[in-house]
Amino acid sequence: MTFRRALLLGGLALIFFLALYSWNSRTGALDDLATNVGLEVSAQILGPLRYAKDGLGNFWNRYWDLVGVREENIRLKKRAEELEARLVAMREDLAELKRLRALAQFPVDARWRPLAARVLAGRLGPGAVMDTITISRGYTNGARPGVPLVTNLGLVGRVLRSSARAATALLITDPGSRIAVYGQESRAPGILKGQGTGKPMEVDFVQRDAPMNEGEILVTSGLDDKYPKGLPVARIERVAPSDYTQFMAIEAAPLVDFKRLEEVLLLEKSGVELPPEDPEEPAALFGPPIPARILKAREQRAAQPAAQGAESAPAPSPAPRTAPARPSVRRDSPSGQSAPRYRVIVP
Amino acid sequence: MKWRQIGWWICFIILGVWVQSLAPGLDALVVGVLILLQEDDYRDMLWLLPLFILLQEGMGSRPFGSVVVWYAATVVMFKIGRWLFDTRNFLFMFLLSASLGSVYFFVDWLMAPLQNLNFNVEDALDKSLVQALFIPFAWRGIQALRKGRDREDDES
């Protein structure tokens with residue numbers, strides 16, 4: 001192949017690639033194809049491998065446990081040995097059951113349906129530049145893009161892309177992850193930002209006067225409409241005024257240990273809408289209190305026609321110059337008691 | 001014979017995906033591309049290369065395109081190296097893997113702003129280093145397996 005021909009071929013390949021890239025950016029067709037093929041095939045490979053690995057691990061553990069039991073309990077009866085061996089064999093199942101029970105107790109309301117999924121792998125392949133995990137559910141069984149992932153300890157992340165029976169989930173520690181949060185006690189809002197695996201997370205846009213403290217738990221505020229409100233996410237580790245911005249510089253650590261993640265819960269929207277809460281009384285507008293002399297005059301005016309009515313027909317009295325009826329605003333006092341309601345008086 | 005070849009490559013893919021699940025960011029299938037190039041097996045490359053690309057793009061978390069660039073660069077680097085060295089030499093593979101490690105870093109750096117992704121220098125360096133170290137030893141192992149298979153074929 002001559003140099004000129006190689007150059008021509010390279011140029012054509014580059015043009016073809018750029019065309020393909022632009023077309024895919026617009027349509028996403030190749031992304032869909034790659035997700036459906038790559039993710040699905042890798043899940044089909046990793047699923048059985050994971051089960052085989054677990055099985056081998058169990059077998060190995062059981063073997064060693066059995067040896068240990070025999071050495072320690074050599075004088076025990078055969079029946080007791082069998083029971084012990086069975087107990088050891090069940091230990092892994094019991095541990096899994098405990099984890100799943102803890103997951104199942106995750107408090108979510110009827111709007112969210114929890115679905116358990118197994119973690120198949122962490123980041124896979126050269127294209128895995130984000131902090132992700134691969135899970136054993138796809139868009140056919142609950143893992144659509146955007147669905148949040150939790151454990152009994154707190155928020156894990158959300159589904160990034162999914163094939164039919166497998167999905168890639170973005171972890172909250174990824175630098176591209178942004179979550180609207182509140183301090184659980186201070187109720188101060190902020191945006192929780194990932195910085196990468198093993199690095200502390202940052203909480204941005206927290207006002208300087210916000211009473212956030214170290215050790216406080218951050219929960220999802222639900223304002224981003226991506227996660228249910230109230231999910232625990234991270235614990236504050238350091239709070240200090242920022243040297244560069246007008247906000248606080250806050251560092252937080254995720255509550256979930258991502259290195260030991262084996263099962264997760266997907267929170268799929270169930271489609272059930274909770275009934276609206278009872279409407280409160282109409283709100284009152286704020287205004288100055290009615291002066292005592294006006295109140296007194298009004299009472300006198302009300303009493304006068306009643307007294308005159310006994311002697312003669314009552315003369316039409318002018319209506320008090322008050323504002324037309326408006327909805328009122330209620331404000332609770334700091335002590336917890338309702339503040340007196342006022343009405344606006346037009347002089 | 002043909003089915004045996006297909007079976008071999010399927011086993012290679014299964015092993016590759018499993019190895020990749022153990023080392024985040026590693027491309028284990030690129031060794032297959034190098035083997036195909038070494039053996040001038042363009043007929044198998046015709047179906048294996050698109051399959052590798054689809055698998056890697058699907059498993060990853062970035063938009064389509066970076067793996068295409070990465071494999072194209074691998075092919076180009078191999079072709080350039082072929083002019084200068086004997087491709088079955090371990091030293092050649094060592095030098096090639098070192099260059100591919102740099103290419104891996106370069107592709108990450110090139111594609112991150114194009115795909116609006118964060119570029120983490122430390123992470124990219126770690127992955128490039130692991131990739132560069134992985135290739136020659138994996139290639140050596142697979143070469144040994146291929147030789148054993150070829151010897152069995154010759155005997156039969």
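1. **Ground rules.** This is a predicted model, so to speak: local features need pLDDT of at least 70, side-chain atom pairs count only at pLDDT 80 or more, and totals for chains, interfaces and linings use all residues. Residues are numbered from 1 along each chain as its sequence is written, while chains are lettered from A and ligands numbered from 1 in the order in which they are written.

2. **Chain B in outline.** You'll find 6 helices and 0 strands here, which gives the pattern α-α-α-α-α-α along the sequence. Helices (H or I, at least four residues) and strands (E, at least two) are DSSP runs, numbered from the N terminus. Of the 156 residues in chain B, 37% are buried. "Buried" stands for 20 or more other C-beta atoms within 10 Å of a residue's own; exposed is 12 or fewer, partly exposed is in between, and C-beta atoms are placed from the backbone.

3. **Contacts inside chain B.** Take the contacts between residues at least 6 apart in sequence: 60% of them join residues at least 24 apart. Two residues are in contact if their C-beta atoms, placed from the backbone, lie within 7 Å.

4. H5(B) covers residues 90-114, and H1(A) covers residues 3-27. H5(B) has 25 residues and spans 36 Å from first C-alpha to last, close to the expected 36 Å; H1(A) also has 25 residues and reaches 36 Å, again close to what is expected. The expected span is 1.5 Å times one less than the number of residues. Now look at burial: H5(B) has buried residues including Met93(B), Leu96(B), Tyr104(B) and Met111(B), whereas the count for H1(A) is 0, so to say hardly covered. Just after H5(B), Asn116(B) has a positive phi of about 55°, and just after H1(A), Gly28(A) has one of about 75°.

5. **Where the chains meet.** On the B side, 29 residues are in contact with 32 residues of chain A. The elements of chain B that give two or more residues to this side are H1 (2-22), H3 (42-59), H4 (66-84) and H5. H3(B) supplies the largest share, 6 residues. By type, the B side divides into 14 nonpolar, 11 polar and 4 charged. Here Ala, Val, Leu, Ile, Met, Phe, Trp, Tyr, Cys and Pro count as nonpolar, Asp, Glu, Lys and Arg as charged, and the others, Gly among them, as polar.

6. **A glycine worth a look.** Gly60(B) sits in the loop between H3 and H4 of chain B. Why is Gly60(B) counted as buried? Because 28 other C-beta atoms lie within 10 Å of Gly60(B). Beyond its neighbours within four places in sequence, Gly60(B) is in contact with Leu124(A), Gly125(A), Pro126(A), Gly127(A) and Ala128(A). Gly25(B) is 35 residues away along the chain, with 8.7 Å between the two C-alpha atoms.

7. **Barrels in chain A.** One closed barrel of 6 strands runs S1-S2-S5-S4-S3-S12, with antiparallel pairing. Another closed barrel of 6 strands runs S6-S7-S8-S11-S10-S9, also with antiparallel pairing. Strands pair if DSSP finds at least two bridges between them. S3 (148-150) and S4 (155-162) of chain A are joined by 3 bridges, and Leu149(A) has Gly157(A) as its bridge partner. S7 (189-193) and S8 (201-204) of chain A also have 3 bridges, with Leu192(A) opposite Val203(A).
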